[in-house]
Amino acid sequence: MSRFMRLRRRPDDWSDAHERARRRLAERLDGPLGLTEATWLDEHLVGCAACTAIAADYEADRLALRAMRDDRPEPPRDLWARTAAGIEAAAGTRGAEDKVRRSLPLGALSGVAVMVIVVGVSLLSGGISIDQHGTVTGEDPSGEGPGLASLDPNPEGPVQPTPIVVGEREVAWVDKGPDGLSRLQVVVDEVCPAEGKSGCPTVSDAARQQLAIVSAPKQIVGSPDRTQAVAISKSAAAGDELVVVALVDATATPAPSSQPTASPSPVASDAASPEPSARASATTEPRASATVPAASAPLPSAAVASIEPSATPTQTAAARLAIATGIEVVGQSAAFSSSGGWFAFTARPADDATRTDVYVWRVGDAQAHAVTTDGQSYFASWDGEALIASRPDDPDTADSDPTTVSIDPATATESDAGDVWRPAVDGSGELAIVWDGSLRSSEDGRGWVPAEGSLELRAWSDTGAQPGDGDARQRRVTDRAPRDFDVRWDQTGEWVAVWLADEDDATVGRLTLYHVDRDEVRLEEVDGAPVDVPALSGFSIGDGRLAWATPRGQGGESSRIQIAAWSETDVGIVESSPGEDPIVIR
Amino acid sequence: MVLDPSTTGLRTPFGRPSAFGPDRRRSMSGAWDRDEAGAFIEDLFAKHHGEIYAYLFRMMRDAELAADMTQDAFVKAYRNYDTLEKPENARAWLYQIAHRVALDEIRRRKIVRFLPWTGESRGSAPSAEHLVMDARLSGDLQRALARIPERQRAALLLAELHDLTGLELAAALGVSHVAARALLTRARESLRQALAAERAEESAAEAARDAAREPGRPAEVDR
């Protein structure tokens, strides 16, 4: 049998009483069992000679191990001299090896505007004016106008921060409005310095576009050209539902069209583009296109309800296509390929919680389908149009090393891509942030998580992650095993954001923005950039913007959307007013 | 409407202590005192180098390699001095560094798990000291330990020979307390099975030798 076809047993799913007894006997050596298990074990041992013998073996092995203490090997006498020389050498080079702290690197900011979709942000008001094109401008307490704005070099300076001009870029999010979920879109061209103590205006009113999404998504992933997004929501039936929704530029001047489009009106509440309610239900709007066949094998255990599948998504707010149901999406790595032609994610069938595979949806197809069949694979990232997936090398154990493959999404042909876990490859395919280390079965026994190793920057090639050169500290994000992580690069490959899930709650974590020295393959921290800031899962990075949602505060403070933006010389911040628990597009 | 630094999570400056480790800013700034770090590591070496060496020796089964790795571990400790949050955790922190040094070496060399012990060190004839160690490590138990996965082996060595408590063991292995205990449980079963296999193979080999010593008797091996 292929090793990919074997299923892992859940931790508490005992195959027989003897296995249970064996486990408890071993556990008993390291601490008392609970009363129930202790009583059960004692009763079992009375009638089981084999297990009693195993208990004796465990005790004997332990005594033998402890007897080895008497034979402790002695280190060589010159060990301190050697070590001291090593420390002296390290002290001499430490200054040069430390990760570079620097001001912003010079470099042109280019590319398309970033789009941020956030669910649950309440209507925003006040503070910032918005012009007829949806452009947000901050209050200018200095009276000098944005053209003269610069970072105040004195952090103890004026209370009112001087805005940082970052160039006009669009930012959008989704709001729960009276008619359902809508996308809000603004243009942010100024932010406040990180040192700004107060007085920085919040982002405010925006143009709106109603979205054909019924329930609040857990994740929304936008396509590179911002014409569509995949919303991952809890399904009314079992599992999750993946729905593709078309997006329109809510701030653009509307062209004459028979199709409904979002209004460019700067008045947020009036700009919603009402949609027929039937659009929100796949079952109420049968279309001939619902029968468009998938290009590959159908999704196991997953039903499909499709509407308007199209290779060229329409610019209407109403377009809606359910590409998968009856599955449970795993992790945070779902993403479109760089061309926008494919969308990949990790999921397991809702009725088989132990099988995890990579699924792809080709834009224009009616449904997504599994591209792996081993039941142990996780989508990592896209390397151009190649799909990168990772799986445990030995899934039948509780601890395993990882292995990674590159997959052609059209043919499912796999090629080896090294032995790291979930590499997040940049757009050029030359760098990646990878988990270099081992895996362990997750606490619930349903998946795999990092165990021992480090999350770090590596050079990347067709053969996978290359060995790290130089000081690992300059490449390392963390050497503590995160419960989950999400790594996203901007279009230039010079900026990367890393989100690490909290140990106790995988929906919240910490977010850090790094600048990347591509020549030296090292990470750099930039003054003013967010480091380990609290963030809900899901963030957006691109075109000089990093956007995320803050967790609810312990004092009842609602979540906010925060946007770090950088110019060629400065990094600053702007944020929304408090809202619901938001989820930012990836 | 204004930003409220007290509620945004973006307090001035942006950097805040990480939930996953020490304050990166502090570690990146190179602000710690090198003399203080050097003195601390020297003191740590005096107290713990013997047990760290012993652990690495037992993991790698190579005296020279263990010495090199012990040196590497203490140099790494010096370089990462700012990651030690509480001095009272220094021992477990040191074991964590040594453990990672061992795993890195194992991962790089892919040698330890099934490599038969030859008693020969790298590139030179075995020393008398080495031969003594070889004899010391020739038992079933050492061979069985070499057969089990390295993380399980580490857990057993640290818990049973190096007296790490549950929390210290978890810290040294870089996993949660629950995961460390689970690893130890699996390690005990792996060792039991490996020992059984070792003894079965040894019995078979002994039977073959006995048969070879008796002239005219065909060599039969119990299976």
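Where pLDDT is low, the predicted coordinates should not be read in detail. For the complex, the predictor gives an ipTM of 0.72 and a pTM of 0.52.

Cys51(A), Ile54(A), Ala55(A) and Asp61(A) are buried in α3(A). Viewed down the axis of α3(A), the buried residues fall within an arc of 125 degrees, so they line one face of the helix. An α-helix has 3.6 residues a turn, so residues three or four places apart point the same way. The exposed residues Ala49(A), Ala53(A), Ala56(A), Glu59(A), Ala60(A) and Leu63(A) lie on the other side of α3(A). The cover over the buried residues of α3(A) draws on both chains, and includes α1 (17–28) and α2 (35–46) of chain A as well as α10 (177–213) of chain B.

**Val75(B) and its surroundings.** Val75(B) belongs to helix α4 of chain B, which runs over residues 63–79. Because it has 23 C-beta neighbours inside 10 Å, where 20 or more are required, Val75(B) counts as buried. Leaving aside residues up to four places away in sequence, Val75(B) touches Thr83(A), Gly86(A), Ile87(A) and Ala90(A). Val75(B) and Ile41(B), which are 34 residues apart in sequence, have their C-alpha atoms 8.5 Å apart in space.

**The open sheet of 4 strands in chain A.** The strands of this open sheet follow the order β14-β15-β17-β18 in chain A, and their pairing is antiparallel. At the edges are β14 (378–383) and β18 (414–416) of chain A, each of which pairs on one side only. From one strand to the next, the twist averages 35 degrees. Strands of a sheet pair through backbone hydrogen bonds, either parallel or antiparallel. Strand β17 (residues 402–407) of chain A joins β18(A) in the antiparallel sense over 3 bridges, and Ile407(A) stands opposite Glu414(A) in β18(A).

How values were computed:
Residues are numbered from 1 along each chain as its sequence is written. Chains are lettered from A and ligands numbered from 1 in the order in which they are written. This is a predicted model: local features need pLDDT of at least 70, side-chain atom pairs count only at pLDDT 80 or more; totals for chains, interfaces and linings use all residues. A residue is buried if 20 or more other C-beta atoms lie within 10 Å of its own, exposed if 12 or fewer, and partly exposed in between; C-beta atoms are placed from the backbone. Helices (H or I, at least four residues) and strands (E, at least two) are DSSP runs, numbered from the N terminus. The arc is that of the directions from the helix axis to the C-beta atoms. Two residues are in contact if their C-beta atoms, placed from the backbone, lie within 7 Å. Two strands pair if DSSP finds at least two bridges between them. Axes are lines fitted to C-alpha atoms, for helices over the stretch in contact, and angles run from 0 to 180 degrees between N-to-C directions.
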